[in-house]
Amino acid sequence: MGKINYNWDQIHEHTNNIIDFAEKVGIDTIVGIARGGLPPAVIISNYLDCQMFTIGIRSYNNNQEQLCIKTTQDLDAGLFEDNKVLIVDDICDSGKSLHYIKDMLDSNCKVKEVFTSALFFRQGAMFTPDYYSDFIVDDSWITFPWEKR
């Protein structure tokens, strides 16, 4: 398995692509997935000047093995009423996290619409985000500038 290191300039380029999508669909609220989705979510919410909330979930253990999804920081369903919400993550590996949170918001919140996004989408994921900036065709491990290298 190879390793790809991204720098902040590259992240901003990919984040700008998500911003373009968010502006087209009229996003009111950003939900960043802790931990990796928070840096791009902050950039997007600052640019759009819209509210941002975080949700914490865990789907990998320390050995980077996929586990069942557990919510570690929940959302208040009343915060999103009648909003168009964009869920932001750094990478859609399996798609489980984005799918889980989208279903949770659709089921428990009175939102207008929920969209999903990721900087990167890995081929073979079980869920495809509504928008992603780039496609990963191999099993390379992506390292972001906010992670320990």
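## Salt bridges, step by step

Lys102 and Asp106 form a salt bridge, with their closest N and O atoms 3.3 Å apart. The model you are looking at is predicted, and the exercises below start from this pair.

**Exercise 1.** Find which parts of the chain are linked by Lys84 and Glu113.

*Solution.* First, look at the contact: the two side chains meet in a salt bridge at 3.9 Å, N to O. Then locate each partner: Lys84 belongs to strand β5 (residues 84–92) and Glu113 to strand β6 (residues 113–122), so this pair links distant parts of the chain, 29 residues apart. Last, compare accessibility: Lys84, at 23%, counts as partly exposed, and Glu113, at 35%, also counts as partly exposed.

**Exercise 2.** Describe the salt bridge between Asp93 and Arg122.

*Solution.* Begin with the distance, which is 2.6 Å from N to O. Now place the residues: Asp93 sits in the loop between β5 and α3 (96–108), while Arg122 is in strand β6, 29 residues away. To finish, Arg122 has 12% relative accessibility and counts as buried.

**Exercise 3.** State how many salt bridges the whole structure holds.

*Solution.* A search of the whole structure finds three.

Notes. Residues are numbered from 1 along each chain as its sequence is written. This is a predicted model: local features need pLDDT of at least 70, side-chain atom pairs count only at pLDDT 80 or more; totals for chains, interfaces and linings use all residues. Side-chain values use heavy atoms; hydrogens and water are left out. A salt bridge is a side-chain nitrogen of Lys or Arg within 4 Å of a carboxyl oxygen of Asp or Glu. Helices (H or I, at least four residues) and strands (E, at least two) are DSSP runs, numbered from the N terminus. Buried means under 20% relative accessible area, exposed over 50%, partly exposed in between (1.4 Å probe, protein chains only).
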